[in-house]
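Please work through the exercises below with the sequence and the three-dimensional model at hand. Each task is followed by a solution in steps.

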Amino acid sequence: MNFAYSARVRLGILLIVFFSLLSSYQLLVKWVRFDPRFIGSDEVTLNEKRFDKVKESLPSHGVVGYWPNGAPATIEQLMFGDPGDLQQWFLTQYALAPIIVSPTLGQNLIISNYRPLAGYYSSPGGLPTTEESAGRKVIDFGNGVQLIMRELK
């Protein structure tokens, strides 16, 4: 095929216009199906709300440890064998940014995050604080979020 230059340009322009309209049509169809009631009730937003109160208690920057549900208290480096634990760690890091959430327990402040069950998101009813041995203090923010404060040796 030996197209003239102007025919190739016209064909190129027609293809660009066609695919642009096709893309716009697909966006329009998705927009028509969009449900605005979903805004604010997605998993990331609900998870972020769980950390609002604990974020107020943390410094504006720094590093905190992370302790997911079911992890033994004696480990030093977390191994995320369960994809759900890894997902919760990423969501915790996102919710607490710019604070760095380290997957280790070697920090003065540790975020304890118990994976919420369906319907577990609710507003906490107070902040029960427990003093434990060895200078460890635990503040329960509800919704599976606790802040463990301890003095390192």
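Predicted model: local features only at pLDDT ≥ 70, side-chain atom pairs only at ≥ 80, totals over all residues.

Residues are numbered from 1 along each chain as its sequence is written, and side-chain values use heavy atoms, with hydrogens and water left out.

**Exercise 1. Determine where confidence in the chain is lowest and where it is highest.**

Step 1. Begin with pLDDT, the predictor's confidence in each residue, from 0 to 100. The chain has an average of 78, and 73% of the residues score at least 70.

Step 2. Turn to the elements, where helices (H or I, at least four residues) and strands (E, at least two) are DSSP runs numbered from the N terminus. Strand S4 (residues 129–132) has the lowest confidence, with a mean of 65, and strand S2 (residues 100–102) the highest, at 92.

Step 3. Residues 118–123 have a pLDDT below 50; this stretch has nine contacts in the model beyond near neighbours in sequence. Contact means heavy atoms within 4.5 Å.

**Exercise 2. Describe the order of the elements in the chain.**

Step 1. The secondary structure consists of four helices and six strands.

Step 2. Read from the N terminus, their order is α-α-α-β-α-β-β-β-β-β.

Step 3. Among contacts with a separation of 6 or more, 66% are between residues 24 or more positions apart.

**Exercise 3. Identify the residues that touch the most other members of the largest nonpolar core.**

Step 1. A nonpolar core is a set of buried Ala, Val, Leu, Ile, Met, Phe, Trp, Tyr and Cys residues joined through side-chain atoms within 4.5 Å. Buried means under 20% relative accessible area, exposed over 50%, and partly exposed in between (1.4 Å probe, protein chains only).

Step 2. The largest core has 16 residues, of which Phe-51, Val-54, Leu-58, Val-64, Leu-96, Ile-111 and Leu-147 touch the most other members.

Step 3. Two or more residues each come from strand S1 (63–68), helix H4 (83–96), strand S3 (109–113), strand S5 (136–142) and strand S6 (145–149). H4 contributes the most, with three residues.

Step 4. Beyond neighbours within four places in sequence, Val-54 contacts Leu-96, Ile-111, Phe-141, Val-145 and Leu-147.

Step 5. Another core lies apart from this one; its five residues include Trp-67, Leu-105, Ile-110 and Ile-148.

**Exercise 4. Is Leu-22 buried or partly exposed, and to which nonpolar surface patch does Leu-22 belong?**

Step 1. Leu-22 lies in helix H1 (residues 5–33). Leu-22 is classed as partly exposed because its relative accessible area is 34%.

Step 2. Together with Leu-11, Leu-15, Phe-18, Phe-19 and Tyr-25, Leu-22 makes a nonpolar surface patch of about 610 Å². Accessible areas come from the Shrake-Rupley method with a 1.4 Å probe, and for residues only the protein chains shown count as cover.

Key: Patch = residues over 30% accessible without salt bridge, like charges linked within 9 Å, V, L, I, M, F, W, Y side chains within 5 Å. Salt bridge = Lys/Arg side-chain N within 4 Å of Asp/Glu carboxyl O.
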